[in-house]
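Let's take a walk through this structure together. Keep the viewer open and follow along.

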Amino acid sequence: MIGNILVALVALIHCYIVYLEMVLWDTPQGHKAFRLTPDFAKASKVLAANQGLYNGFLAAGLIWGLYLGAAGFQVRMFFLICVAIAGLYGAATVGRKILFIQTVPAVLAIIALWLGW
C-alpha cells in the first residue's frame, strides 16, 4: 500500500516534469524552475520537449505498473530503477537538486515495494 502510494507520487512528479519541460520551458515559470535565461530557454525548447517526452514514458510505465496490480510488481520496479538511475545521472551532470526530486522518491518506493509495504 505505501509502496504503491510512493509509486503514484513518483509518477505524478514525472507528469509535472513533463508539463514543465514540454509546456512551460519557455515561460517565466519554466525559467525559474530550471534556472534558465530566456535566450537559452528559447534555443533549447525542442530539446526540452524531447526530454519531457522521455519523462512522460517513465510516468506512463509507473502508471501501467500500478494498473496491473500485483502482476505489475516487476513493471513498477523496472521503471522506478530507470527513474533512480536517470536521477543519479542528472544529479551528477546537472545539479544535486535532481537527486532529491527524482532519485530519493524512487528509491523510497523501491524499498517500500521490496519490503511489501
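Start with arginine 35, which is exposed because its relative accessible area is 70%, and the cut-off for exposed is over 50%. Bear in mind that you're looking at a predicted model. Arginine 35 sits in the loop that links α2 (28-34) to α3 (38-43). Its backbone is worth a look too: phi is near 55°, a positive value in a residue that isn't glycine.

Now step back into α2, where you'll find histidine 31. Is histidine 31 buried or exposed? With 15% relative accessibility, histidine 31 counts as buried, since the limit for that label is under 20%. Leaving out residues up to four places away in sequence, histidine 31 touches Trp25, Asp26, Leu36, Pro38 and Ala41.

Take α4 (45-67). The buried residues of α4 are Ala48, Gly52, Asn55, Leu58, Ala59, Gly61, Leu62 and Gly65. What covers them includes α1, α5 and α6. After α4 comes glycine 69, with a positive phi near 70°.

Helix α5 (residues 73-93) passes the same kind of length check: 21 residues at 1.5 Å each should span 30 Å, and the end C-alpha atoms are 30 Å apart, which agrees. Which residues of α5 are buried? They are Val75, Arg76, Met77, Phe79, Leu80, Val83, Ala84, Gly87, Gly90 and Ala91. These buried residues pack against α1 (2-22), α4 and α6 (97-114).

Let's look at how α5 meets α6. The two axes come within 8 Å and cross at roughly 150°. An angle over 145 degrees counts as roughly antiparallel, and therefore α5 and α6 get that description. Their crossing is left-handed. On the α5 side, the contact is made by Phe73, Arg76, Met77, Leu80, Ile81, Val83, Ala84, Gly87, Leu88, Gly90 and Ala91. From α6 come Ile98, Leu99, Gln102, Thr103, Ala106, Val107, Ala109, Ile110, Leu113 and Trp114. By class, this contact of α5 with α6 has 16 nonpolar, four polar and one charged residues.

Then turn to α1 and α6. Here the axes come within 8 Å and cross at roughly 155°, so α1 and α6 are roughly antiparallel to each other. α1 passes α6 in a left-handed crossing. The α1 residues in this contact are Ile2, Gly3, Asn4, Leu6, Val7, Val10, Ile13, His14 and Ile17. α6 brings Ile101, Gln102, Pro105, Ala106, Leu108, Ala109, Ala112 and Leu113. How do the residues of the contact of α1 with α6 divide by class, and what is the count of charged ones? There are 13 nonpolar, four polar and no charged residues.

One last stop in α6 is isoleucine 111. Isoleucine 111 is partly exposed because its relative accessible area is 41%, and that label covers values between 20% and 50%.

Terms used: Residues are numbered from 1 along each chain as its sequence is written. This is a predicted model: local features need pLDDT of at least 70, side-chain atom pairs count only at pLDDT 80 or more; totals for chains, interfaces and linings use all residues. Side-chain values use heavy atoms; hydrogens and water are left out. Helices (H or I, at least four residues) and strands (E, at least two) are DSSP runs, numbered from the N terminus. The expected span of a helix is 1.5 Å times one less than its number of residues. Buried means under 20% relative accessible area, exposed over 50%, partly exposed in between (1.4 Å probe, protein chains only). Contact means heavy atoms within 4.5 Å. Axes are lines fitted to C-alpha atoms, for helices over the stretch in contact, and angles run from 0 to 180 degrees between N-to-C directions. Angles under 35 degrees count as roughly parallel, over 145 as roughly antiparallel, 65 to 115 as roughly perpendicular and the rest as oblique. A crossing is left-handed if the near helix is turned anticlockwise from the far one by less than a right angle, and right-handed if clockwise. Ala, Val, Leu, Ile, Met, Phe, Trp, Tyr, Cys and Pro count as nonpolar, Asp, Glu, Lys and Arg as charged, and the others, Gly among them, as polar.
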